There are 2 protein chains.
Amino acid sequence: MRVLLYRGDGQIAAWAEGLARAMPGVQTLGWQEGEQLGACNYAVLWNPSHGLLAQLAQAAQLKAIFLMGAGADTILKFGDALPSAPIVRLGDTGMAVQMAEYVAHATLRYFRRFDEYEQQARHGLWSPLPVYAKEEFTVGVMGLGKLGLRVVETMRAFEFPVRGWSRTPKELHGVDCFAGMEQLDDFLRGTRVLVSLLPLTSETNNLLDRRRLSTLPQGAYVINVARGAQLAEPDLLTLIRSGHIAGATLDVFRNEPLPAPHPFWDEPRITITPHISALTVRSEAVRQIADKIAAFEADQPVDDIVDRNLGY
Amino acid sequence: MRVLLYRGDGQIAAWAEGLARAMPGVQTLGWQEGEQLGACNYAVLWNPSHGLLAQLAQAAQLKAIFLMGAGADTILKFGDALPSAPIVRLGDTGMAVQMAEYVAHATLRYFRRFDEYEQQARHGLWSPLPVYAKEEFTVGVMGLGKLGLRVVETMRAFEFPVRGWSRTPKELHGVDCFAGMEQLDDFLRGTRVLVSLLPLTSETNNLLDRRRLSTLPQGAYVINVARGAQLAEPDLLTLIRSGHIAGATLDVFRNEPLPAPHPFWDEPRITITPHISALTVRSEAVRQIADKIAAFEADQPVDDIVDRNLGY
């Protein structure tokens, strides 16, 4: 069996080694821009190029494409150039707990005013601040997949009121659930800390624009750990500067790395991290891919196949 | 029934109001330095003076003393001047979840290197840092009472390895438990993030001195949310400056407010908060005190009576 490994950043050595260990007898191959693609049965990709996908579309023996990270937007954006073979997302490869860590840290930092205490300490100031009431700190999670559910569970354990929004209706114990565009405004109106864990699709692109961000209550916070393109960046900046939004913690941006002369860098109420909220745990990803290749080979059903119409 | 309310800071109005609502017919009284104490059946105190305790020791009808906050050290330090009536600690009045929030925030900040990302962002730097392995980030909780157990549970939910240390042996699912002075060094040797939730007693005073802090592994962190006197402050500073200890988050200090010319203020690896890690939730405290007074009146057993020999 031949498996193509390709990453936009070229770092495939450790993946090749892991896959060889997980699937004795597998033959891995690489590809570089301009090369002729060798015959392969499976492709394991991250940030592929148009040129590679065009060749994969002609690969007669290709049975499936696996993604090395979360977010099918990284491949679906090529639209018509895509091969017809099924595209398989990663399941939870240790990403969910990392997301929960990131969101819990950011939310607690706002709720307990730790950022303000740091400012005070820098000036040698000992001064307890008024305490926020948890009833006024509803955490609203957009996207209730594996990652969103873990975040919901974590914030509930800290006794925050939690609400969720998803494309299709869900029922979750102890969580106010909203669904669809028609319930989005209601969801936002009662959300003090907005957490986006949505996939990037044509529907979620620019979803958080000026009107919707204005629907959040005065003093709301925004945490984006999904994809930068969901957020209208200039609108967020306007609302932070007007004081309507109290702060934002952003791990993802429309252009990454966030360009050097971007106004976000100079806004102290925006906390920037370089897309580190949840990293693929390679060993676990390799294990999942090996298991799923075995299932394809045995004609068994395979989970996590991307729905190209939904975009995730 | 007559209940004395006294706080060192004088803020008793809201307590009087709450208690009157919770116990219709109760008569509350105050006291000021130099005054003659009126007859009372119960005393509800925080940071009492020697003069008040001397008068309470003569109060023939006094059945019990209640504390308004966590930490019997605030009253037991008066030793011989104490009345003989039982002293009753607060149970969990919403403090446990606050402690869990504080400790989770501080631990995640170190583990996920958010403090370093903030430094980077201040310089417009986009640069993912190497990820710490959770197996190398064992959280060690000293003190396994109500607050300690909640912290243990929270850190386990984030999948950190967790160990605990207590005066007497305990067994907790999924937690390596150590007990007594003879197991303290073993406990410290494997602890990357040390969290103190111990009561302040003659045994824990200066417990975390240079020798014991040196027993922590290179690169360890210290989080103190208990009492400042447990920590030898100059020793901590020495070990942070030498690089053996990577950082500390301190909410409590030997002298509070932390004096203006204290070297902790100038050490960037020490995060200072002004004793806000867990505040008594007054409404819940009042409810507990009212319930326990009712139990005393009915000669029923009452929980959380302080053991004067153990000091908590």
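Predicted model: local features only at pLDDT ≥ 70, side-chain atom pairs only at ≥ 80, totals over all residues.
Biologist: Let's take chain A. In what order do the strands of its open sheet of 7 strands come?

Modeller: Strands (E, at least two residues) and helices (H or I, at least four) are DSSP runs numbered from the N terminus. Two strands pair if DSSP finds at least two bridges between them. In this sheet the pairing is parallel, and the order is β8-β7-β6-β9-β10-β11-β12.

Biologist: Which strands are the edge strands there?

Modeller: Look for strands that pair on one side only. In chain A these are β8 (176-179) and β12 (270-272).

Biologist: Zoom in on β8(A): which residue of it stands opposite A:Arg163?

Modeller: Strand β7 (residues 162-166) of chain A runs parallel to β8(A), and 4 bridges join them. Opposite A:Arg163 stands A:Asp176.

Biologist: And helix α6 of chain A packs on the sheet; what angle does its direction make with that of β6(A)?

Modeller: Axes are lines fitted to C-alpha atoms, for helices over the stretch in contact, and angles run from 0 to 180 degrees between N-to-C directions. Contact means heavy atoms within 4.5 Å. Helix α6 (residues 146-157) touches β6 (139-142) and β7 of chain A, and its direction makes with that of β6(A) an angle of about 170 degrees.

Biologist: Now β4 of chain A: are its residues A:Ala64, A:Ile65, A:Phe66 and A:Leu67 buried or exposed?

Modeller: We call a residue buried under 20% relative accessible area, exposed over 50% and partly exposed in between, using a 1.4 Å probe and protein chains only. A:Ala64 and A:Phe66 point one way from the strand, A:Ile65 and A:Leu67 the other way, and all are buried.

Biologist: Which residue of β4(A) is the bridge partner of A:Tyr42?

Modeller: Strand β3 (residues 42-46) of chain A runs parallel to β4(A), with 4 bridges joining them. The partner of A:Tyr42 is A:Ala64.

Biologist: How many salt bridges are there between chain A and chain B?

Modeller: First, the contact: 42 residues of chain A meet 42 residues of chain B. A salt bridge is a side-chain nitrogen of Lys or Arg within 4 Å of a carboxyl oxygen of Asp or Glu. One of them links A:Glu118 with B:Arg109, with the closest N and O atoms 3.9 Å apart. The count between the two chains is 8.

Biologist: What area do the two chains bury between them?

Modeller: Buried area is the accessible area (1.4 Å probe) that two parts lose on being put together, summed over both. Here 67% of it is on carbon and sulfur atoms, and the total is about 3500 Å².

Biologist: Over in chain B, how far apart are the C-alpha atoms of B:Gly69 and B:Ala285?

Modeller: B:Gly69 sits in the loop between β4 (64-67) and α3 (73-76) of chain B. Because its relative accessible area is 4%, B:Gly69 is buried. Leaving out residues up to four places away in sequence, B:Gly69 touches B:Trp46, B:Leu90, B:Met95 and B:Thr280. B:Gly69 and B:Ala285 are 216 residues apart along the chain, yet their C-alpha atoms are separated by 8.4 Å.

Biologist: Which residue in β7(B) stands opposite B:Met142?

Modeller: In strand β6 (residues 139-142) of chain B both faces are covered, with B:Val139 and B:Val141 buried on one side and B:Gly140 and B:Met142 on the other. β6(B) pairs with strand β7 (residues 162-166) of chain B in the parallel sense over 4 bridges. Opposite B:Met142 is B:Trp165.

Biologist: β6(B) also pairs with β9(B); which residue there is the bridge partner of B:Val141?

Modeller: Strand β9 (residues 193-196) of chain B and β6(B) pair in the parallel sense over 4 bridges. The partner of B:Val141 is B:Val195.

Technical notes. Residues numbered from 1 in each chain as written. Chains lettered and ligands numbered in written order. Heavy atoms only, no water.
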